[in-house]
Amino acid sequence: MNEQCTSGVGDAYEPNFDIAERKVRVAISPICNLKCEYCDHGAKRSKEQLGAMEDFRSTEISDGSMDIEGYTRAMRSLYNAGYSGIAFTGGEPLLNRNWPEIVKNAKDIGYKQVQLTTNAMLLEYYVEKNGPLPKELDLLTISLDTFDKGEFARITKGNIDRVIAGINAVRDANPDLHIKANKVVMRNNLPDLEEYIKLCEQGGAIKRLTLLNLICKDPFSEDEKTLFNEQFVSPQEIMEILNNYNFHIDKKYEYITTTSAGLLINLMDTDKTLRSEECENCPMYCQEGLFTARLATDGTIRTCSDFNNRLSYIQSPKLRGEELDAEVFRLLEPQRRTTVQSTLGKFCTKYGLNPRRLN
Ligand SMILES: C[S@@+](CC[C@H](N)C(=O)[O-])C[C@H]1O[C@@H](n2cnc3c(N)ncnc32)[C@H](O)[C@@H]1O
């Protein structure tokens with residue numbers, strides 16, 4: 001086995017992880033206005049499943065997306081099942097013109113932690129036209145892989161100036177809103193990691209930073225495999241580089257620290273993420289494991305992206321009230337019981353992946 005893949009994982013994990021600590025990831029747009037090199041651009045995985053980015057539908061896009069009422073119903077049932085956090089994503093969520101109302105409804109239902117992840121390309125325009133973002137939003141996550149203009153354009157096909165203008169517009173319009181940056185750490189941008197952290201600190205608007213590992217979305221695709229082998233950097237290696245930042249590991253198996261300038265940084269240890277037995281057969285080594293449920297734009301509720309399309313799912317628009325609550329609970333029940341460890345090393349061996357090592 002490649003040294004890179006050897007896990008340093010200990011035995012400790014919590015089989016009865018409280019569902020209230022988990023969150024729902026809700027796709028509110030099936031399309032995106034950027035084309036990031038590592039992201040899924042709506043590739044069809046199987047006859048039935050259309051997985052555009054994090055929008056894990058069970059129907060074709062042409063079958064349409066849910067309206068506000070559909071989202072509210074599904075979000076309420078997931079809340080009734082015990083989830084207390086919610087994160088809106090897509091595609092690009094700001095492409096759904098109903099996004100502010102859907103966010104407000106999530107808070108009204110009772111979700112405590114309401115988050116939205118955006119590429120920020122439309123943020124300045126939104127603020128100019130509508131004023132502050134909804135006060136119900138607790139956390140705004142901005143995908144920001146690099147501050148370098150050329151590199152940003154190469155990775156995303158977008159314009160970093162618009163992202164920065166969007167961040168500044170929100171900082172001024174919503175001074176109390178927490179802004180977090182998401183950075184996918186890759187071999188290409190690894191040398192600039194500490195510089196990147198300094199730029200986040202200096203700007204002042206970004207209060208948190210999540211470092212993400214590159215997910216191999218499909219080890220059966222030669223392009224995906226090449227990208228992963230060339231660009232994947234393990235959490236352990238990132239920790240080696242940031243060893244003077246005093247990270248500790250929290251109960252969600254995230255490395256976490258606050259820098260002397262007050263920037264909170266976290267990085268999920270994917271080796272320790274709780275996974276189900278089904279994850280052992282999944283060729284997508286995701287970051288979420290058992291920590292999320294998924295609601296897609298057509299109302300499909302899944303326990304994960306379900307690459308193999310083998311798990312049960314619910315088409316929430318076909319159900320109502322208590323019937324929907326009961327189905328959601330039934331869907332989630334196995335997750336409350338089965339947890340296994342599925343290490344990165346085993347995954348790499350099984351799918352013939354061989355990521356490069358530093359030096
Ligand atoms: C899929 S995007 C959707 C939301 C929005 N369009 C955006 O760009 O923020 C959500 C997050 O997933 C991350 N992501 C996408 N593909 C990834 C991959 N292969 N590995 C790790 N993170 C990935 C992105 O960096 C982004 O922060």
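Residues are numbered from 1 along each chain as its sequence is written.

Across the chain, pLDDT averages 87, and 87% of the residues score at least 70. Residues 1-16 are another stretch to watch, with pLDDT below 50 and 29 contacts in the model beyond near neighbours in sequence. Where pLDDT is low, the predicted coordinates should not be read in detail.

## The overall fold

The chain has ten helices and 14 strands. Those are DSSP runs numbered from the N terminus: H or I over at least four residues for helices, E over at least two for strands. Of the 359 residues, 44% count as buried, meaning that 20 or more other C-beta atoms lie within 10 Å of the residue's own; 12 or fewer is exposed, anything in between is partly exposed, and the C-beta atoms are placed from the backbone.

## The sheet

Twelve strands make an open sheet with mixed pairing, in the order E9-E10-E11-E8-E7-E6-E5-E4-E1-E12-E13-E14. Two strands pair if DSSP finds at least two bridges between them. Strands E9 (248-249) and E14 (314-315) sit at the edges with a single partner strand each, so one side of each has no neighbour in the sheet.

Inside the sheet, E8 (residues 206-213) runs parallel to E11 (residues 264-268), and four bridges join them. Five of the six residues of E5 are buried.

## Around the ligand

What surrounds the ligand? There are 18 residues, and the closest are Tyr38, Asn119, Ser143, Asn182 and Ile215; a residue belongs here if its C-beta atom, placed from the backbone, lies within 6 Å. Strands E5 (113-118) and E7 each supply at least two residues of this shell.

The shell divides into eight nonpolar, seven polar and three charged residues. Here Ala, Val, Leu, Ile, Met, Phe, Trp, Tyr, Cys and Pro count as nonpolar, Asp, Glu, Lys and Arg as charged, and the others, Gly among them, as polar.

Lys157 has a positive phi of about 70° although it isn't a glycine. You'll find Lys157 in the loop between helix H4 (149-156) and H5. Is Lys157 buried or exposed? Lys157 counts as exposed because it has 12 C-beta neighbours inside 10 Å.

Asp306 also has a positive phi, near 50°, without being a glycine. This residue lies in the loop between strand E13 (300-302) and E14, and Asp306 counts as buried because it has 22 C-beta neighbours inside 10 Å. Finally, check the peptide bond from Gly90 to Gly91: it is cis, with omega near 20°. Gly91 is in the loop between E4 and helix H2 (99-109).

Definitions and conventions:
This is a predicted model: local features need pLDDT of at least 70, side-chain atom pairs count only at pLDDT 80 or more; totals for chains, interfaces and linings use all residues. pLDDT is the predictor's confidence in each residue, from 0 to 100. Two residues are in contact if their C-beta atoms, placed from the backbone, lie within 7 Å.
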